[in-house]
Amino acid sequence: MRKPANPKTCLGFKSALSLSVGLTALVAGASSTAVAQEEVEDEVARLNTITVSATKREQTLQDVPVAVSVVDSDVIEKAEIQDLNDLQSVVPSLRVGQLQSSANTNFIIRGFGNGANNVGIEPSVGVFVDGVYRSRSAAQISDLPNLQRVEVLRGPQSTLFGKNASAGVISIVTRKPQFETQGSIEGTVGNFNALRLKGDVTGPLSDTVAYSLAGNINQRDGYAEDIAIGEETNERNRWGIRGELLFTPSENLEFRLIGDYDTIDEVCCVAANLINGPTGPIIGALGGAINAEDPFSYEVFGNFPSENEITNSGISLQIDREFEGFDVTSITAFRNVESLTNQDSDFTSADLIGLNENDGNIDTFTQEIRLTSNNPNNRVDWMIGGFYFDEEVEVSSAFAYGADYRGYADFLSGGAIGAVEAALGLPVGTTFGQNGQGPSAEFGQDNTAWSIFGTLDFHISDRLTATVGLNYTEDEKDAFYRQVNTDAFSALDFVEIGFGSILAANGIDPTDPVAVGTFAQANPATFGAFIAAAQDPATNPLLGLQALQFLPPFLDFPNSVEDGSSSDDNTTYTLRLAYDVNDNINVYGSWATGFKATSWNLSRDSRPFPADFIPGSPITNPPASPIRDAGLALPNLTAGTRFAGPEESEVFELGVKGAFSNFAFNLAIFDQTIEGFQSNAFTGTGFALANAGEQSTTGLELDLTWNPTEALTLTFAGTFLDPVYDSFVGSAAGDISGQTPSGIPETATSVGFNYDFTLNNWDSFVRADWQYSADTDFFDDPTNNALIAPGNYSREINEVNGSMGFVTDGGLGVSLWARNLFDQERITTAFPSVAQAGSISGYPNQPRTYGVTVRKTF
């Protein structure tokens, strides 16, 4: 059942809707009595005109009939926004989740998004930097380069963006090289011994060639401490360089070559104990420690630091050629991501997990070409293009038990593991659950995709435009997973072993097939009763040990039944009407669809589909299935998913945009649905990848900007959602159809001001923003929500960020800044503690940070 609606949040949604309708009517009414057009044109507007390329055409923010938030370089600089994680403080529709490592980051727009914790899952939110697609979160989290603006496009964008934009797009646009020598150098110091250095220079090499060079270093001590090993965690240690050449041999031809390289080498991320369950005392008995239920002390216990080494590099070439009647744009890019992570995933100082390492390499080639009409006098504007994507993913992984694991398992089993060793004639205490035992694997995929797309803008009149967009995509993946597993205990068939014990207790030698067969033929009813008893915990106590078989044998793929391949194709559409009510207000209505291709479960939790395999011990004579018939069945093999099928999204949207001399607003009301949303939920011992039947969100977004004076700018941005799983029968928690998805706030707002003034002839400013996001459930699973409830933890965001500064006539700027000024505490994400049933762990938010930045421009 869907949980009862919160009257407070419902009231907020309805109030926001009423406010927006009233605002629209008020502004529309005011516009009818507005000053004459000549006076409007002559009036000096206080608001900046922001140019965006959301539709791959340069348009002003107010003219583009798309729900898009834009953060320009001035806001980014003054607000000390360093990466995409900081960006969410001024874009409430965007959520960025930092998980257990630097490489695991989730981007969510309007409550939709995925892509972390499994290299086979591409994000539903596409990230593009200067038109180049970044396919994985590890390639997206670098410190932001020399920026011009960041555009956050909300809702499906698959018609124009060629790859995985079923929930939205983050488009990062950097500054081109200039033909006038200029540059800047910047240094920042802050708490936690933060040190950031940035520099850039640009200028001409000739009359037709300009260059730019930029570099950055970002270092900071960790704000959390691992008491057991005396090492800080959640540090920053990043640097990057970027170079560009701009070649303009003529007025209608331009080449832009970009090369970049950046690295991350840091200890991250702190996972604190939130609920200390029944396994906590066992950890202590083994000599380990847990800082129980005290996440905001930022003190934890581990037995080795978590490593995060990431290298991003790439080169791209954009060619723009103007012809009579149309422009041609080509963007060619090669990118590489290398990542190495190793985590103490039990998050205790007991050595339960000694190794959890992933060493990955991703090579990506993309090519986009598009033709765009350029005659402003035509009644029809058009665009046609194509996109090609070729990527190779290769990962080596290793997982091993630590030195304390066997003792932990003995506690949990009451010593039964040793009894099993003795019964099987194996050395007691030194066979199962030993230090270093576990699986190692090689896995990856080859992915090729291509699409063709086009749009037609019919200018029915000077004020009315109809748009039709179309995209056809084909996506093919060839995936593989090969594993070697030395965890012999997880390969034991306790049904078969228990059955053998029952036979032996009745005088039948279980190792003698003739004796067993003779007895079965002579006593079929009794033999059937023995089989039933072997499957009953009341008569086969060994079945209780199945809960400790964390790492069962893995069926490699491709194999003779599973080919490891997927092939998807889809056509997405956009239909839109946009009408300029007058020179200040425009309205639009649109219907759009989106698509994301199959995502393969490239993890040790990947399992054959139920259609390919019916689990069961061989002695129970399970029904025939393709994998068993092919002789591929393994002990304790279960059914699950090899992949999650495609996501298909749809949105209906109505929008109103208004711009006046000192006031602007954008309003969007939408109903968005994703069928087959690719859910990847952690269960405590692994991840469950599955398609939700349907997830939908009805919502309202409102952006306001007001300059009451030339010096003062007030802003408001709000997102109000009503999300629901319309159908999700096969979730990890069972049927949760009708339930509100966890982690999606029904209300999210950002309120800010910026005041510019002159102090001793220096341009000065003071700014602040307040970010609010309503509390949400931590889990989709009601059992886990009940487990964490006594801790009274909250996900509500209530953070204030502020800054002030000045710039001298000579270009020297100084600013003081603080993020999370009042040191608000919250838990960003919670999860069942690894192999510790009844315990919950989670990530506490970053505490207050502050510092001073000195910048010199020339």
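Me: In which strand is Thr673 found?

Reply: This is a predicted model, and in it Thr673 lies in strand S30, which covers residues 663-675.

Me: Which residues is Thr673 in contact with, leaving aside its neighbours within four places in sequence?

Reply: With those neighbours left aside, Thr673 is in contact with Glu648, Ser649, Glu650, Glu694, Gln695 and Ser696. A contact here means that heavy atoms lie within 4.5 Å.

Me: What makes Ile217 buried, exposed or partly exposed?

Reply: Ile217, which has its place in strand S12 (residues 209-220), has a relative accessibility of 36%. Buried would require a value under 20% and exposed a value over 50%, with partly exposed in between, so at 36% Ile217 counts as partly exposed.

Me: Which residues form the nonpolar patch on the surface, and which elements give two or more residues to it?

Reply: The patch is formed by Val189, Leu195, Leu197, Ile217, Trp239, Ile241 and Tyr261, which together have about 590 Å² of accessible area. Strand S11 (194-204) and strand S15 (236-250) are the elements that give two or more residues to this patch.

Me: How do you know whether Pro844 is buried or exposed, and where is its place?

Reply: Pro844 has its place in strand S40. Its relative accessible area is 5%, and since buried means under 20%, Pro844 is buried. Leaving aside neighbours within four places in sequence, its contacts include Tyr223, Val270, Pro295, Phe296 and Arg826.

Me: What is the order of the sheet of three strands, and which are its edge strands?

Reply: Three strands form an open sheet in the order S17-S40-S39, with antiparallel pairing. The edge strands are S17 (272-275) and S39 (827-832), because each of them pairs on one side only. From one strand to the next, the twist averages 35°.

Me: How many bridges join S6 to S7?

Reply: Three bridges join S6 (residues 125-129) to S7, and these strands run antiparallel. With at least two bridges required, S6 and S7 therefore count as a pair. Phe128 stands opposite Tyr133 in S7. Both strands belong to an open sheet of five strands, ordered S3-S8-S9-S6-S7, whose pairing is mixed.

Me: What do S35 and S36 form, and over how many bridges do they pair?

Reply: S35 (residues 747-759) and S36 (residues 762-773) pair in the antiparallel sense over twelve bridges. They form a hairpin with two residues between them, and in its turn Asn760 has a positive phi of about 55°. The bridge partner of Phe757 in S36 is Ser764. S36 also pairs with S37 (residues 797-807), in the antiparallel sense and over eleven bridges, where Gln771 stands opposite Glu799 in S37.

Note on methods:
Residues numbered from 1 in each chain as written. Predicted model: local features only at pLDDT ≥ 70, side-chain atom pairs only at ≥ 80, totals over all residues. Heavy atoms only, no water. Helix = DSSP H or I, 4+ residues; strand = E, 2+ residues; numbered from the N terminus. Axes fitted to C-alpha atoms, helices over the stretch in contact; angles between N-to-C directions. Patch = residues over 30% accessible without salt bridge, like charges linked within 9 Å, V, L, I, M, F, W, Y side chains within 5 Å. Areas by Shrake-Rupley, 256 points an atom, 1.4 Å probe, with all protein chains shown as cover. Salt bridge = Lys/Arg side-chain N within 4 Å of Asp/Glu carboxyl O. Buried < 20%, exposed > 50% of the residue type's maximum accessible area, 1.4 Å probe, protein only.
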